[in-house]
Amino acid sequence: MIQISSQSIDIQECIDAAQSERAGAIDVFIGTVRNHNKSKDVVRLEFETYDLMAVKKMEELANQARERWDIEKIVMVHRKGVLQIGDVAVVIAVSTPHRVASFEACQWLIDTLKEVVPIWKKEIYGDGEEWLEAHA
Amino acid sequence: MIKYKISLFGITRDIVGGTHTSIEFAQQANVESLLAKLRKDFPRLNDIRSLLVAVNAEYAEGNFPINEHDEIALIPPVSGG
């Protein structure tokens, strides 16, 4: 299951979708909206996505992970739109026969998602807003 | 003239204004010439840490040729997760 979602993410649904009788482990990463960044108080976030390419890139990452680790199922769901503090921004769930692979693959998937998947985060502060990573 | 329609995301949407922009070339453009023209027309694009182009939902660079009906997107630094 690989999706960009404009609705709130159901974490249990993601875990259920990763279930497999061959799996001895499911590692789940949940990215949530933090109320601060560096010294600024964050009021809310907005995610913009290039849906077609984002899903394509996430599918490529899932395929690459399958080449590196023995994986049963991969779930990647990322939000778009306006998110409030505490909301779930992204869920990645990876099931594997043995736990080490699930930890490693899950970390690699979120790390690489942040580098290559066309999703943009704007933080809104009390006195302004900023697209993250945009400037040097 | 060849008219290219470009989708804009993130900070490039703020800089250029709007979700899309169009630019015309006398002959077929490639990724490099497209970026150069956009940077000239919208100098604030030069303030961005990096600027990539996607053609038909795939990163492309340099002399990769662009056809009139390709889906072209400007990709500023991504920040998902």
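Between chain A and chain B, the count comes to 4 salt bridges, a salt bridge being a side-chain nitrogen of Lys or Arg within 4 Å of a carboxyl oxygen of Asp or Glu. One pairing joins the side chains of A:Lys56 and B:Glu58, at 3.3 Å from N to O. This is a predicted model, where local features need pLDDT of at least 70, side-chain atom pairs count only at pLDDT 80 or more, and totals for chains, interfaces and linings use all residues. Side-chain values use heavy atoms, with hydrogens and water left out, residues are numbered from 1 along each chain as its sequence is written, and chains are lettered from A and ligands numbered from 1 in the order in which they are written.

The contact (heavy atoms within 4.5 Å) draws 27 residues from chain A and 23 residues from chain B. Together the two chains bury about 2,200 Å², meaning the accessible area (1.4 Å probe) lost on being put together, summed over both. Carbon and sulfur atoms carry 55% of that buried area.

Now for a look inside chain A. A:Ala62 sits in helix α2, residues 51-68, a helix being a DSSP run (H or I) of at least four residues, numbered from the N terminus. A:Ala62 counts as buried because its relative accessibility is 5%, and buried means under 20% relative accessible area (1.4 Å probe, protein chains only). Leaving aside residues up to four places away in sequence, A:Ala62 touches A:Ile2, A:Ile74 and A:Leu109. As for A:Val75, 13 residues apart from A:Ala62 along the chain, the two C-alpha atoms are separated by 8.6 Å.

Note on methods. Helix = DSSP H or I, 4+ residues; strand = E, 2+ residues; numbered from the N terminus. Buried < 20%, exposed > 50% of the residue type's maximum accessible area, 1.4 Å probe, protein only.
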